[in-house]
Amino acid sequence: MTENTAINVIELKKWFSVRKGFLTTVFSREQLFLRAVDQISFDIKVGEVFGLAGESGSGKTTTGRLLLKLIKPTSGKIYFKGQDITDLSEKELKPLRRKMQIVFQDPYESMNPRMTIRDIVAEGLGTQKIATTEKEMDEKVVDILKDVELVPPEEFLLRYPHELSGGQRQRVAVARAFVLRPEFIVADEPVSMLDVSIRAEILNLMLDFVEKFNVSFLYITHDVALARHMCDRVAIMYLGKIMEMGATESIVYEPLHPYTQALIAAVPVPDPTSKRTRLPVKGEIPSPVNLPPGCRFHTRCPIADENCRQKEPKFIEVGKQHFVACHKVAG
Amino acid sequence: MPILDVQDLKTYYSTLRGSVKAVDGVSFQVDKGEALGLAGESGCGKTTVALSLMRILPTGGEILGGKILFEDKDIVILNERQMKKIRWKSVSIIFQGAMNALNPLFRLGDQITEAILTHEKVSKKAAMKRTKKLLELVGLEPKRTKDYPHELSGGMRQRGLIAMALACNPQLLIADEPGTALDVIVQAQVLSLMEELKRKLNLAMILITHDLSIIADTCDKVAIMYAGKIVECGDVVDIFKKPLHPYTQGLVGAFPSIKAARKRISSIPGLPPDLIDPPTGCRFHPRCSFAKDLCKTEDPLLTKVGKENQFAACHLVSGKLAQQ
């Protein structure tokens with residue numbers, strides 16, 4: 001870990017216990033777990049845009065929430081700027097909350113409908129005692145609304161979320177996160193609910209903030225094409241594990257893991273002259289409660305053999321900063 | 001001769017605030033064995049086009065003008081009884097949202113046979129037999145007829161819906177956002193299935209989506225809709241290589257290719273207009289960076305540009321302001 005590291009995650013694990021019916025509880029003592037995140041390790045550098053991509057149910061959102069300590073990890077360690085935050089209490093976390101913020105997926109659900117835009121953005125300023133007087137708060141809110149291009153800000157201050165469009169709401173969400181001048185931001189599918197023509201504006205707005213304030217940025221998405229243009233590095237997740245991680249360029253142009261290869265081949269290309277290659281991967285993502293033994297991808301993998309069905313592959317560095325968990329690539 | 005010829009279709013919804021001009025003078029054709037992609041943002045009227053074609057508009061929605069010629073017969077003037085003979089047997093639809101379009105209380109097989117029995121006079125046994133064949137056609141095991149929707153994954157449900165749409169051998173299949181809500185790998189599987197079926201059954205297809213990459217991947221022709229009108233249409237290759245309308249250019253720019261070099265994604269400033277009171281002249285002019293005075297007053301017509309089969313509705317491209 002160097003000074004340059006904002007977030008460092010070591011063997012992070014989050015298992016949710018699964019509730020069973022009465023009879024199964026009586027007859028079997030075995031406790032079932034949903035292994036949402038299962039021993040993943042990675043780091044995010046200062047000022048870096050790090051992407052977490054994968055299908056739904058792969059554990060990306062859980063990872064994002066774990067990093068901000070919105071949920072408690074089952075085991076593993078999380079370091080923020082060298083400080084171990086895994087076991088901090090709520091009280092100890094409070095000063096850190098200012099530095100770590102999140103932008104949620106759904107701008108319709110993530111805001112209190114009974115608060116004005118001014119109050120939504122100013123709430124954090126008050127809680128963190130960044131602005132003490134109402135006047136100071138107003139000034140800060142107006143400034144940030146200008147930065148997120150909700151102009152003129154006076155027109156938005158007293159409005160309620162339902163009076164804004166989806167894109168405008170997501171700008172408010174960005175303003176609410178960045179008004180605290182955070183050092184680390186998690187954006188969980190920030191544009192998946194928005195229209196295409198508006199999507200880019202929100203993403204570029206966030207990238208501008210990242211560059212201006214040298215913020216570390218975790219971008220969670222299912223859209224690999226967007227991740228390709230947003231991120232410096234990406235990690236591909238599948239059923240709670242990171243399958244492959246590396247610089248975006250090398251992941252996109254030289255994917256090594258069969259899952260990454262399939263994921264990238266499946267992305268439709270907005271160019272009618274380039275036809276999709278036939279997909280070798282069959283079926284859909286299995287349930288994270290009954291994980292396949294060995295490599296979790298073996299049930300869908302075109303090149304799996306006996307070894308893959310029995311032994312779980314290790315996450316190994318195969319090139320410069322390029323990690324893969326596959327027996328066939330690094331066995 | 002095109003199998004479907006839509007001419008100047010106008011579908012409005014009457015609401016308390018006034019009438020919403022959801023589809024306002026839309027014309028296009030689809031040939032046999034051809035896939036047309038209908039693209040645009042939410043609220044541009046693409047789903048309303050589909051519902052008008054099936055004549056299943058919700059209360060308040062009404063076709064107020066234009067013709068929908070299916071095999072040369074105008075289906076706008078048909079009554080409900082006559083329309084029943086067209087639905088499913090000639091034109092069928094795959095609804096948006098694979099996860100919720102099936103009835104959770106009935107087995108998949110029963111839902112598909114119901115569609116067959118409603119439209120054709122066959123025995124229940126024969127219908128079930130055909131259902132099993134249909135499931136095989138879409139890549140599901142025939143024993144899945146016994147499954148309830150919750151026992152099927154998202155991709156399987158979407159396949160089931162495709163089988164249901166094909167139950168009475170339609171000639172035209174409308175698919176409303178067939179890929180959304182599915183994971184990319186499953187989406188790719190479903191799209192290749194649809195392409196394959198189109199080839200095998202020589203189907204005419206209308207694919208409605210907001211995702212231009214899906215259209216580039218699966219369609220032959222594309223029509224770009226904005227605020228209830230088609231702003232540009234033509235061959236997929238032409239439109240993606242050389243988009244002429246500023247809106248199409250913006251939309252194509254907003255879809256980054258995974259294969260292209262890293263860049264900032266471009267966007268279109270502003271918001272789509274309110275269709276109760278759409279802007280005068282060209283409906284895109286408030287968001288268009290090239291707009292001139294004429295664009296604010298006069299509505300551009302969809303006119304042919306160049307030698308190819310490309311049409312655009314923009315004064316700057318094909319109208320009075322076109323550069324020499």
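Trainee: Let me start with a pair of strands: which residue is the bridge partner of A:Gln101 in strand 7 of chain A?

Mentor: A:Ile185 is the bridge partner of A:Gln101. Strands of a sheet pair through backbone hydrogen bonds, either parallel or antiparallel. In this case strand 6 of chain A and strand 7 (residues 184-188) of chain A run parallel, joined by 4 bridges. Two strands pair if DSSP finds at least two bridges between them. Strands (E, at least two residues) and helices (H or I, at least four) are DSSP runs, numbered from the N terminus.

Trainee: Before we go on, what kind of model is this?

Mentor: A predicted one: local features need pLDDT of at least 70 and side-chain atom pairs count only at pLDDT 80 or more, while totals for chains, interfaces and linings use all residues. Residues are numbered from 1 along each chain as its sequence is written, and chains are lettered from A and ligands numbered from 1 in the order in which they are written.

Trainee: Back to the sheet in chain A, then. What is the order of its strands?

Mentor: Read across, the order is 6-7-8-3-9-10-12-11, in an open sheet of 8 strands with mixed pairing. Strand 6 (100-103) and strand 11 (316-319) of chain A are at the edges with a single partner strand each, so one side of each has no neighbour in the sheet. On average, neighbouring strands are turned by 20 degrees against each other, direction ignored. Such angles are taken between axes, lines fitted to C-alpha atoms (for helices, over the stretch in contact), and run from 0 to 180 degrees between N-to-C directions.

Trainee: Which strands does helix 2 of chain A lie across?

Mentor: Helix 2 (residues 60-67) of chain A lies across strand 3 (49-53), strand 7, strand 8 (216-221) and strand 9 (233-238) of chain A. Against strand 8, helix 2 runs at about 155 degrees.

Trainee: And what is the strand order of the open sheet in chain B?

Mentor: For chain B the order reads 6-7-8-3-9-10-12-11, again 8 strands with mixed pairing. The edges are strand 6 (91-94) and strand 11 (303-305) of chain B; each has a single partner strand, so one side of each is left without a neighbour in the sheet. Inside chain B, strand 9 (residues 221-226) and strand 10 (residues 229-235) run antiparallel, with 6 bridges between them. B:Lys221 stands opposite B:Asp235 in that pair. Helix 5 (residues 154-165) of chain B lies across strand 6 and strand 7 (172-176), at about 170 degrees to strand 6.

Trainee: Which residues of helix 4 of chain A are buried?

Mentor: Count the neighbours: a residue is buried if 20 or more other C-beta atoms (placed from the backbone) lie within 10 Å of its own, exposed if 12 or fewer, and partly exposed in between. In helix 4 (residues 117-127) of chain A, the buried ones are A:Ile117, A:Ile120, A:Val121, A:Ala122 and A:Leu125. They pack against helix 5, helix 6 and helix 7 (166-178) of chain A. After helix 4 comes A:Lys129, with a positive phi near 55 degrees.

Trainee: Is A:Glu11 buried or exposed?

Mentor: A:Glu11 counts as exposed, because it has 12 C-beta neighbours inside 10 Å. A:Glu11 sits in strand 1 (residues 5-17) of chain A and has a positive phi near 45 degrees, though it isn't a glycine. B:Asn169 is another non-glycine with positive phi, about 50 degrees. You'll find B:Asn169 in the loop between helix 5 and strand 7 of chain B, partly exposed with 13 other C-beta atoms within 10 Å.

Trainee: Where is A:Pro152?

Mentor: In the loop between helix 5 (134-147) and helix 6 (154-157) of chain A. The peptide bond from A:Val151 to A:Pro152 is cis, with omega near -10 degrees.

Trainee: How many residues of chain B are in contact with chain A?

Mentor: Contact means C-beta atoms, placed from the backbone, within 7 Å. By that rule 36 residues of chain B are in contact with 35 of chain A. Helix 6, helix 7 (212-218), helix 8 (236-241) and helix 9 (246-253) of chain B each supply at least two residues of the chain B side.

Trainee: At what angle do helix 11 of chain A and helix 6 of chain B cross?

Mentor: Roughly 55 degrees, with the axes of helix 11 (residues 258-266) of chain A and helix 6 (residues 184-201) of chain B coming within 8 Å. The two helices are therefore oblique to each other (under 35 degrees is roughly parallel, over 145 roughly antiparallel, 65 to 115 roughly perpendicular, the rest oblique). A:Ala262, A:Leu263 and A:Ala266 meet B:Val184, B:Ile185 and B:Ala188 there.

Methods
Contact = placed C-beta atoms within 7 Å.
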